[in-house]
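This report describes the aromatic pairs, the nonpolar core and selected residue contacts of the structure shown below.

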Amino acid sequence: GDFPSSWKTISTLHNISLARNLSFNPQLASIFTADAFTSLRNLELGDTSTSGELEHLSFSDQQELVTLSLPRTKIHGEITTSLFKLPSIRHIDLSENALTGSLPREFNAAARLESFRAMFCEFEGQLPPDMNEMENLVL
């Protein structure tokens, strides 16, 4: 199933954890749409059947997002640069997905980023040059 459409506009909805619900299978594009989940701080969908291309998403309306946890889902493609431009993002877990390409230079824009997990993905290339200057980051 997918999120009920009425959830997307609940202004007090800050945390969603539906991890390990294999029958939950939303498309990423249906989650991150304009004016949807604008107060969301934590989204945990690991071990679900969530699918879609990460590179075509815009996270511009999720300015309060602190944690994005999507390990072992069915997402694919390259990482969108808008993810690293979120002012509050601190934790990203994209492990064990079919993600490709390289980490974008905008990775360094996530100055508050504390943890980034992308184990067993298909990334290539060099790490962003200023990554070692990110004081809070633990890989």
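## Nonpolar core

A nonpolar core is a set of buried Ala, Val, Leu, Ile, Met, Phe, Trp, Tyr and Cys residues joined through side-chain atoms within 4.5 Å. The model discussed here is predicted. Its largest nonpolar core comprises 37 residues, of which Leu 43, Leu 54, Leu 68, Leu 94, Phe 107 and Phe 116 touch the most other members.

For Leu 54, the contacts beyond four places in sequence are Leu 28, Phe 59, Ile 75, His 76, Glu 78, Ile 79, Thr 80, Leu 94 and Leu 99.

## Aromatic pairs

The structure contains 4 aromatic pairs. One of them joins Phe 84 and Phe 116 in a tilted arrangement, with 6.1 Å centre to centre and 55° between the planes. This pair links distant parts of the chain, 32 residues apart: Phe 84 belongs to the loop between strand S5 (74-77) and strand S6 (91-93), while Phe 116 belongs to strand S8 (residues 115-117). Both Phe 84 and Phe 116 are buried.

Why is the pair of Phe 107 and Phe 116 edge-to-face? Its ring centres are 5.1 Å apart and its planes stand at 85°; planes over 60 degrees apart count as edge-to-face. Phe 107 is buried, as is Phe 116. Together, Phe 84, Phe 107 and Phe 116 make up one aromatic cluster.

## Ser 69 in strand S4

Strand S4 (residues 67-69) includes Ser 69. Because its relative accessible area is 16%, Ser 69 is buried. Apart from neighbours within four places in sequence, Ser 69 is in contact with Leu 43, Glu 44, Leu 45, Gly 46 and Asp 93.

Key
Residues numbered from 1 in each chain as written. Predicted model: local features only at pLDDT ≥ 70, side-chain atom pairs only at ≥ 80, totals over all residues. Heavy atoms only, no water. Phe/Tyr/Trp six-rings, centres within 6.5 Å; stacked < 30°, edge-to-face > 60°. Helix = DSSP H or I, 4+ residues; strand = E, 2+ residues; numbered from the N terminus. Buried < 20%, exposed > 50% of the residue type's maximum accessible area, 1.4 Å probe, protein only. Contact = heavy atoms within 4.5 Å.
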